[in-house]
Amino acid sequence: METYQVGLIALGLFSLFAMIAIVTWRRRVAAQALLLEKPLVIEGSLVGSNCFYVATTFSDRPLDRVIAHGLAHRGHANVSVSQSGLEVSRTGELSFIIPKADLLEVKTGSAVIDRAVEKDGLVVIKWRLGKVELQTHFRFVNSELR
């Protein structure tokens with residue numbers, strides 16, 4: 001077998017695996033979108049405490065990341081408390097508000113899915129999106145803000 005033939009076979013297998021991954025991701029997003037309501041979207045702002053949005057998970061399944069409605073990707077965020085609730089302004093992603101009536105609990109944690117930090121290094125917000133309870137995890141740059 002020639003070298004280029006081996007390369008073509010490898011390229012074909014890589015393309016096949018990439019297509020399977022994309023289809024699986026899209027099916028998972030669609031399934032979660034049917035289960036979850038869309039969060040209340042807000043305009044992003046630079047007001048609030050600078051932090052990292054780490055992940056949103058299901059409360060009863062802490063290893064299951066919420067990927068629907070743009071909640072999958074971690075990144076920079078600003079979190080602020082307003083009269084209507086907790087505003088989460090994410091850089092380059094969906095900015096949303098957690099209404100005051102849907103806030104259930106605020107606590108600290110040390111790990112979520114694929115991220116582990118020092119003891120009590122994450123702020124965990126437990127909240128309700130429709131009828132489903134979620135946990136959103138933040139990592140504040142300034143430890144005094146926790």
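1. Arg 128 is partly exposed, with a relative accessible area of 27%, where partly exposed lies between buried (under 20% relative accessible area) and exposed (over 50%), taken with a 1.4 Å probe on protein chains only. Its side chain meets that of Asp 102 in a salt bridge at 4.0 Å, N to O, the term standing for a side-chain nitrogen of Lys or Arg within 4 Å of a carboxyl oxygen of Asp or Glu. The pair links distant parts of the chain, with Arg 128 in strand E10 (residues 122-129) and Asp 102 in the loop between strands E6 (96-99) and E7 (103-109), 26 residues apart. Asp 102 also counts as partly exposed, at 22%.

2. The model is a predicted one, in which local features need pLDDT of at least 70 and side-chain atom pairs count only at pLDDT 80 or more, while totals for chains, interfaces and linings use all residues. Residues are numbered from 1 along each chain as its sequence is written, and side-chain values use heavy atoms, leaving out hydrogens and water.

3. Asp 64 forms a salt bridge with Arg 28, the closest N and O atoms being 2.7 Å apart. This pair too links distant parts of the chain, 36 residues apart, from strand E3 (residues 61-65), which holds Asp 64, to helix H1 (residues 3-35), which holds Arg 28; helices (H or I, at least four residues) and strands (E, at least two) are DSSP runs, numbered from the N terminus. Arg 28 is partly exposed at 34%.

4. Arg 61 forms a salt bridge with Asp 60, with 3.8 Å between the closest N and O atoms. Arg 61 is partly exposed at 37%, whereas Asp 60 is exposed at 64%. Arg 28, Asp 60, Arg 61 and Asp 64 are linked in a network of salt bridges.
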